[in-house]
There are 2 protein chains.
Amino acid sequence: MANHDKAKRGIPPKADFNAWYPAIVEIADLVDKRYPIKGMDVWRPYGWRAMKRIDALTHAEMERTGHDEVHFPLLIPEDLLEKENRLVALLKAAREAGVDPSELRMDEEPAGFKKEVYWVKHAGESDLDVPMFLRPTSETAMYTMFPLWVRSHADLPLKTYQIVNTFRYETKQTRSFIRVREIHFFEAHTAHVDEEDATRQIEEDLEIVANIMNDLGLPYIASRRPVWDTFPGAWYTIGIDVIMPNGRTLQVASCHHYRDQWAQAFDLTYEAEDRTTKHCHQTTYGMSERLLGAVVGMHGDDAGLIMPPSMAPIQVVLIPVAAHKTEAVMETIHEVNNRLKAIGIRTHVDDRDIRPGQKYYDWEIKGVPLRLDIGPRDVENGNAFAARRTGGKHPLPISDIESYVRSELTEIQATLLKASEEHRTSIVRFANNLSELDSEGAIFEVAFCGTDADAEVLEKSSGLTLLGEALEPFAEPKPCIVSGEMTTTRQHLARMY
Amino acid sequence: MANHDKAKRGIPPKADFNAWYPAIVEIADLVDKRYPIKGMDVWRPYGWRAMKRIDALTHAEMERTGHDEVHFPLLIPEDLLEKENRLVALLKAAREAGVDPSELRMDEEPAGFKKEVYWVKHAGESDLDVPMFLRPTSETAMYTMFPLWVRSHADLPLKTYQIVNTFRYETKQTRSFIRVREIHFFEAHTAHVDEEDATRQIEEDLEIVANIMNDLGLPYIASRRPVWDTFPGAWYTIGIDVIMPNGRTLQVASCHHYRDQWAQAFDLTYEAEDRTTKHCHQTTYGMSERLLGAVVGMHGDDAGLIMPPSMAPIQVVLIPVAAHKTEAVMETIHEVNNRLKAIGIRTHVDDRDIRPGQKYYDWEIKGVPLRLDIGPRDVENGNAFAARRTGGKHPLPISDIESYVRSELTEIQATLLKASEEHRTSIVRFANNLSELDSEGAIFEVAFCGTDADAEVLEKSSGLTLLGEALEPFAEPKPCIVSGEMTTTRQHLARMY
């Protein structure tokens, strides 16, 4: 079913990223954008397998950290929002009472996200009594149920997650995986006995992020977002931004520490060991199909995708290279294939009746990390000829093919990770003063401790966006880029997707 | 998070199936029905793991048979239905022209399912130009794309499937897994060069059904549905009905042979080897979370669920039985656990600080097929004490615990399958004449070759529903139960869910 027109195969150079990206996601058979709703692509088998491999990394991390997988309904009745409105009211009252504004990062417009949801107001031939919306994310749905599940401290921490479809009525230009209207979404929601335990959860989330980014070979920056970019009802939000090849950043994940703000609105309490009733402290952690967009964008090249072995749907493609598929060659191909499968390597034998050059070209586009060619001479010599998608070719002895292939994949993974670290180093620059914030395609690290007004100056004068505070401050104080005051607060400025 | 009130734990006797079923799905922590939309339950971790194990059986069958997994958008624009309306018109015209009515099983009301869908007509603050609906199933979405994917005979057969959420605005009483409004759904859609190849696909589907039903230990009947129960646009529909404990049948799957009827409406053509353009022949095959409902209903007993080892989220639970969790006992428990995990068995160590009796009770409710108790004396004797959920207890030598546990699980699986075959035998009875169709809780096998009018007589006089023609006719002709004419056509009558 992979019969794209050959004419479509012209891949724009990656240097022209805005042309390359939307082309390669279709040329490599990840998605089909011709479905008649803007921003809702069809996942083709290869793209879906890639996404599921990334999900598998997430599931493994969730299992390691003791999160339970749940699955909530897609539809949320509008009247559940009353409790969210209560949250807004609570926060507003606190603000009016003069509470520290850093704790009040709630959008004061009740349920401002209503502008971005799809509504279901009709079913069959009836008008629904209570309109419902398609989940943009599941706080409201879940926090309606959590009070039924949490009774005492023994039920805590409650660590749940789900991987589901979420929806956002995007009015901006859509882009496969990056800005879509039906989103393949991961969300973890937890409840804890106190602020401190919720903070430990955020630390665990950041460890999970680090593991997954390492698996995918993605260069990223974690930042505590400025007040105005904090999630509604959160004490603070940490955004995870991948550094794309063109120097723009792509937020692929975020973690929110809610303290007990949502718990107050949703009456989420527990009986403590001392028999008193307390509010839970909560966190959420979200990631999305943007991870795949980042993998596509970061690793691909002029010839197509490059899939990191950690998540490649096919890690090794085996290709017979012989004028005729001789029995000896095919026998060896299948033997090697079976041995690799037996140790859990994801392989594919390409025995199509087309010339090997065409096959090379196809698998390059799809980014299979390792190709093994076997021809009659290789069979005689007891070798398979290995070509890495990241460059480099050499023979591997078939006698011990398992360990050789394993180490090839490890090295390809390391090559991608190294390239990603180099990319980060080449893109992120320290800027001492505002006049230095002018290079195209750079991300700037600055010392900045200013007010919201100072931040506005900074963003306006540079045309860049403040990602927020880096989690590691500077070791030594430096002069703030706007006020000149000495500070250890490290912040990043970038152009965001 | 499994803190149900103890008061809730009172399980009704299974003999009172209508009380037992809705109680046990919550008591065993499969779902929580308190989500504020009727027919949309929250999947709790244990229920979701059970469903995913069933999905894993399906994925394995799809891989074995060379189906590719795709993932289509949830939303379908209403204007895509124009092509379905064309299908209706085509069929109507053919009917008027006097074509064999057995080939015209289309509901003549255009898109009659509109009465059962959820509509999205608003997004954000806008009215949508084209209303959309939540997929009840994906023919329309997929067959809009298939013509873009199929060009020549080389692209055929096209064999795709997806596992997704689908929606139906049920007005009848809802029941967890059995009749819900958001449905966890499997659907395979294929396209073929001709009717014969599509027929082979239906045969393959029935083989897959047989494998999965065998894995789940479910007794079933496959029937070619009567004309009036044929899926819109299908040449014929085969329904797969599980025989529930109370003798009612539950349709858990269906296969449809479309011939080229949908292909004509959707312009799905290919270039044949002889360069002519031909219409594809198509099939679909659907299953749903009803499979889990059938597992719950078929195998459970007064003490709770019984999960077949093939799909049990936990196959073996290990329980230390000692006044204090002595080091020696816990060491042995963990050793056995690690050895079982190493061979791929799904285990759980219950080291909670409660008495063993309470643990037995909990795992009985959840239907874990095998329990291994290990106490200080067992450690001395080198044994683990095994208790099957299906009955029977005996010691197993720890020295070779892997093979003993494997054979225990195999025997439990066989016990469930045998019970299911016996259930089938006890429920299905041959009836010679209409007066015999009166036993409560029985399913009747009859010789019946009548017209639609005869079928109506049959259904009305018995109060039962005709499941349709069994795939294997009688070896010898018998008199038709209505007309008395000799026929080999075997049909079943039952009360359906």
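Which residues is B:Thr249 in contact with, leaving aside its neighbours within four places in sequence? That was my way into this model, which is a predicted one.

**Entry 1: B:Thr249**

I looked up the residue's place first: B:Thr249 lies in strand β11 of chain B, which covers residues 249-259. The list holds B:Ile221, B:Asp241, B:Val242, B:Ile243, B:Met244, B:Ile443, B:Leu467, B:Ala494, B:Met496 and B:Tyr497.

Is B:Thr249 buried or exposed? I counted 25 other C-beta atoms within 10 Å of B:Thr249. The cut-off for buried is 20 or more, so B:Thr249 is buried.

I also checked B:Gln315, which sits 66 residues from B:Thr249 along the chain. The C-alpha atoms of B:Thr249 and B:Gln315 are separated by 28 Å.

**Entry 2: strand β25 in chain A**

Next I went to strand β25 of chain A, residues 490-494. Four of its five residues are buried, so β25(A) is largely enclosed by the rest of the structure.

Which strands does β25(A) pair with? I found an antiparallel pairing with β21 of chain A (residues 443-447), over four bridges. Strand β22 of chain A (residues 465-470) is also joined to β25(A) by four bridges, and those two run antiparallel as well.

A:Gln491 turned up in both pairings. A:Val446 stands opposite A:Gln491, and A:Glu469 stands opposite A:Gln491 too.

**Entry 3: domains of chain A**

I looked up how chain A is divided: domain 1 is 42-298, domain 2 is 316-420 and domain 3 is 428-494. For domains 1 and 2 of chain A, the centres taken over C-alpha atoms are 42 Å apart.

How many residues are in contact between domain 1 and domain 2 of chain A? I got six from domain 1 and five from domain 2. On the domain 1 side, four are nonpolar, two are polar and none is charged.

**Entry 4: a five-stranded sheet in chain B**

I traced an open sheet of five strands in chain B, in the order β16-β15-β17-β18-β19, with mixed pairing. Its edges are β16 (347-349) and β19 (393-397), each pairing on one side only. From one strand to the next, the twist averages 25 degrees.

Inside that sheet I looked at β15 (residues 316-320) and β17 (residues 370-374) of chain B, which run parallel and are joined by five bridges. B:Leu318 has B:Leu372 of β17(B) as its bridge partner.

What packs on the sheet? I noted helix α8 of chain B (residues 327-342), which touches β15, β16, β17 and β18 (383-388) of chain B. The direction of α8(B) makes about 170 degrees with that of β15(B).

**Entry 5: where chain A meets chain B**

I moved on to the contact between the chains. Chain A gives 44 residues and chain B gives 44 residues. Several elements give two or more residues to the chain A side, among them α2 (45-64), α4 (139-149) and β7 (158-167). The largest share of that side, six residues, comes from β5(A). By class, the chain A side has 26 nonpolar, six polar and twelve charged residues.

β5(A) pairs with β5 of chain B (residues 118-123) in the antiparallel sense, over five bridges.

An open sheet of six strands has the order β4(A)-β6(A)-β5(A)-β5(B)-β6(B)-β4(B), with antiparallel pairing. The edge strands are β4 of chain A and β4 (75-77) of chain B, and each pairs on one side only. Ignoring direction, neighbouring strands of this sheet are turned by 45 degrees against each other on average.

On the chain B side, I checked β4(B) against β6 (residues 126-134), which pair in the antiparallel sense over three bridges. B:Pro77 has B:Met132 in β6(B) as its bridge partner.

**Entry 6: how the two copies are related**

Last, I laid chain A on chain B. A turn of 180 degrees with a shift of 0.0 Å along the axis does it, with an RMSD of 0.0 Å. The two copies are thus related as by a two-fold rotation axis.

Which C-alpha of chain A is nearest the axis? I found that of A:Val120, 2.5 Å from the axis. The same surface serves both copies, since 100% of the contact residues of chain A recur in chain B.

Key
Residues are numbered from 1 along each chain as its sequence is written. Chains are lettered from A and ligands numbered from 1 in the order in which they are written. This is a predicted model: local features need pLDDT of at least 70, side-chain atom pairs count only at pLDDT 80 or more; totals for chains, interfaces and linings use all residues. Two residues are in contact if their C-beta atoms, placed from the backbone, lie within 7 Å. Ala, Val, Leu, Ile, Met, Phe, Trp, Tyr, Cys and Pro count as nonpolar, Asp, Glu, Lys and Arg as charged, and the others, Gly among them, as polar. Two strands pair if DSSP finds at least two bridges between them. A residue is buried if 20 or more other C-beta atoms lie within 10 Å of its own, exposed if 12 or fewer, and partly exposed in between; C-beta atoms are placed from the backbone. Domain bounds come from an automatic or database domain assignment. Axes are lines fitted to C-alpha atoms, for helices over the stretch in contact, and angles run from 0 to 180 degrees between N-to-C directions. Copies are superposed by least squares on the C-alpha atoms of residues with pLDDT of at least 70 in both.
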